[in-house]
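Please read the following report beside the sequence and the model, and keep both in view while you follow the text.

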Amino acid sequence: MAVVQDLGRFSVEEHNRMLRQAQKEEEEVTFEEVVEAQSQVVSGIKYYMKISATQGGDGGDSRIFESVVVVKPWLRSKQLLNFAPYIIFGKLKCRLKTSLSKL
């Protein structure tokens with residue numbers, strides 16, 4: 001679905017923009033593709049995505065990141081709520097949450 005891939009790309013771009021704005025020394029992320037997505041109707045549409053991306057330029061390894069975006073089409077609005085690495089240890093899933101308000 002092209003809409004979901006576009007939202008994944010938006011998530012990565014917005015995450016990188018916030019890193020630059022906060023002058024964080026964390027490496028930027030390069031979008032590859034959305035590998036899983038779900039949506040939920042709220043006051044808009046909330047998309048929960050798992051995004052394959054590289055971190056650290058062209059030589060970086062592919063990693064999975066979790067992203068949450070709310071879209072309000074009638075306002076032409078997209079807002080990134082969360083973007084964080086998604087780590088799986090065996091059968092235990094751990095989420096490293098990054099508070100976007102701290103960036």
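Is Asp-6 buried, partly exposed or exposed? Asp-6 has a relative accessible area of 46% and is partly exposed, where buried means under 20% relative accessible area, exposed means over 50%, and partly exposed lies in between (1.4 Å probe, protein chains only).

This is a predicted model, in which local features need pLDDT of at least 70 and side-chain atom pairs count only at pLDDT 80 or more, while totals for chains, interfaces and linings use all residues. Residues are numbered from 1 along each chain as its sequence is written, and side-chain values use heavy atoms, with hydrogens and water left out.

**Salt bridges**

A salt bridge is counted where a side-chain nitrogen of Lys or Arg lies within 4 Å of a carboxyl oxygen of Asp or Glu, and by this rule there are four of them. The table lists some of these, including the one made by Asp-6.

| Pair | N to O distance |
|---|---|
| Arg-9 and Asp-6 | 3.7 Å |
| Glu-28 and Arg-20 | 2.7 Å |
| Lys-50 and Glu-36 | 3.5 Å |

Arg-9 and Asp-6 are three residues apart in helix α1, so about one helical turn separates them; helices (H or I, at least four residues) and strands (E, at least two) are DSSP runs, numbered from the N terminus. Arg-9, at 37% relative accessibility, is partly exposed. In the pair of Glu-28 and Arg-20, Glu-28 is partly exposed at 34%, and Arg-20 is partly exposed at 48%.

**The hairpin**

Lys-50 and Glu-36 form a salt bridge, and because Lys-50 lies in strand β2 and Glu-36 in strand β1, the pair ties together parts that are 14 residues apart in sequence. Lys-50 is buried at 16% relative accessibility, whereas Glu-36 is partly exposed at 40%. Lys-50 is also the bridge partner of Glu-36 in β2. Strands β1 (residues 29–42) and β2 (residues 44–55) run antiparallel and are joined by 12 bridges, where two strands pair if DSSP finds at least two bridges between them. One residue stands between β1 and β2 in this hairpin.

**The nonpolar core**

A nonpolar core is a set of buried Ala, Val, Leu, Ile, Met, Phe, Trp, Tyr and Cys residues joined through side-chain atoms within 4.5 Å. The largest one has 17 residues, and Met-49, Ile-51, Val-69 and Phe-83 have the most contacts inside it. At least two residues of this core come from each of α1 (2–21), β1, β2, β3 (62–72) and β4 (77–89), and α1 gives the most, with five residues. Leaving aside residues up to four places away in sequence, Ile-51 touches several residues, among them Val-12, Phe-31, Ile-64 and Phe-83, where contact means heavy atoms within 4.5 Å.
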